[in-house]
Structures are given as C-alpha cells and as structure tokens.
Amino acid sequence: MIKAVKVLNAVSVFLFTVILLVIYAYLPIMVDLSLEGVKGMHKQTFFYYAFGGFVTVNIILRIGINLGSRNLSTDLTAWIRTIIFIVNFYLTTLIGFLGVLNNASSIDPSNYAYLNYLGPIFLVFWIIGLFFFILQKK
C-alpha cells in the first residue's frame, strides 16, 4: 500500500506541475488574486511563489510525516502519507481556479468556485477515514 501511496503522491506532484505550467502560459502579465479584480502580482512572481510554496509545503509535510510515523504500522503510515496527495490536490485545484479567474476569455469564475471546496472536503473524508481506520485496528 505504501508503494501505491508513493505513486499517487508522485502523480499529484506531476499534475500540479503540469497545471501550473499550463496556467502560467495563459496568464495575463498581471495576475488577479481576488474576484474584485485587484491586480495582484506579475505572472513570473506568481509562478515562483506558487512553485516555491508548493515545494515548501511538501517538504514540511514529508519531514513531519517521516518523524511522526516512525513507530506506526505500515498500513497506518500509508494512510497518513496520503495527506500529501490531498494537500497537493487542493493546491492544484486552487491554482486551477486562479487560472480560470484570470482567463481572458468569457469563462465565469463562479462556475468553478467548487474547486476551492474540494480540498477541505477530501481532508474531512480523510480524517473520518483515519478515525475508522484507527478504531477498526483496536
């Protein structure tokens, strides 16, 4: 199961990178970071902050999980490692929404607002599943 989680995490890193590069290619020079249309930052700055933040979050999660799951069973460790996939998926959907928000064509961003809620919903399901997993092992 740990190998499957590692593959899932690698796929999520690849997906984030691809989505970020596609979004970067279609961004205008100045990126809007809110629905009010306030110009936020240059697209290069946005790209580097997004990629740097992604790498930082992943490093912190991996170090925390490696330190925190030393004495746990392999199944529980694999379940805990899936949090990296959930966080990466959430960051990917947020980047995707910012891409839709800054799209020059006539795409209505409110139709894609659900992207902001997918990550927290998956996190809640993951926590509930973790409780079931721990209670089932007892």
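The protein has four helices and two strands, where helices (H or I, at least four residues) and strands (E, at least two) are DSSP runs numbered from the N terminus. Read from the N terminus on, these elements follow the order α-β-β-α-α-α. This is a predicted model, in which local features need pLDDT of at least 70 and side-chain atom pairs count only at pLDDT 80 or more, while totals for chains, interfaces and linings use all residues. Residues are numbered from 1 along each chain as its sequence is written, and side-chain values use heavy atoms, with hydrogens and water left out. Taken along the principal axes, the C-alpha atoms of the protein fill a box of roughly 55 × 25 × 20 Å.

The buried residues of α1 are Val-5, Asn-9, Ser-12, Phe-16, Leu-20 and Ile-23, and they pack against α2 and α3. Here buried means under 20% relative accessible area, exposed means over 50%, and partly exposed lies in between (1.4 Å probe, protein chains only).

The axes of α1 (residues 2-26) and α3 (residues 74-101) come within 9 Å and cross at roughly 10°, which makes α1 roughly parallel to α3. Such axes are lines fitted to C-alpha atoms, for helices over the stretch in contact, and angles run from 0 to 180 degrees between N-to-C directions; angles under 35 degrees count as roughly parallel, over 145 as roughly antiparallel, 65 to 115 as roughly perpendicular and the rest as oblique. Among the residues that meet here are Ile-19 and Ile-23 in α1, and Ile-95 and Gly-99 in α3, contact meaning heavy atoms within 4.5 Å. The residues of this contact divide into 14 nonpolar, eight polar and two charged.

Helix α2 (residues 43-68) packs with α1 at an angle of about 170°, with the two axes 10 Å apart, and α1 and α2 are therefore roughly antiparallel to each other. The residues of their contact divide into 11 nonpolar, three polar and two charged. Within α2, Lys-43, Phe-46, Phe-47, Ala-50, Phe-54, Asn-58 and Ile-65 are buried.

Leu-20 touches Phe-46, Phe-47, Ala-50, Phe-51 and Ile-95, not counting residues up to four places away in sequence.

Asn-103 lies in the loop between α3 and α4 (115-137), and at 32% relative accessibility Asn-103 counts as partly exposed. Although Asn-103 and Ile-23 are 80 residues apart in sequence, they are 8.9 Å apart in space, C-alpha to C-alpha.

Methods
Ala, Val, Leu, Ile, Met, Phe, Trp, Tyr, Cys and Pro count as nonpolar, Asp, Glu, Lys and Arg as charged, and the others, Gly among them, as polar.
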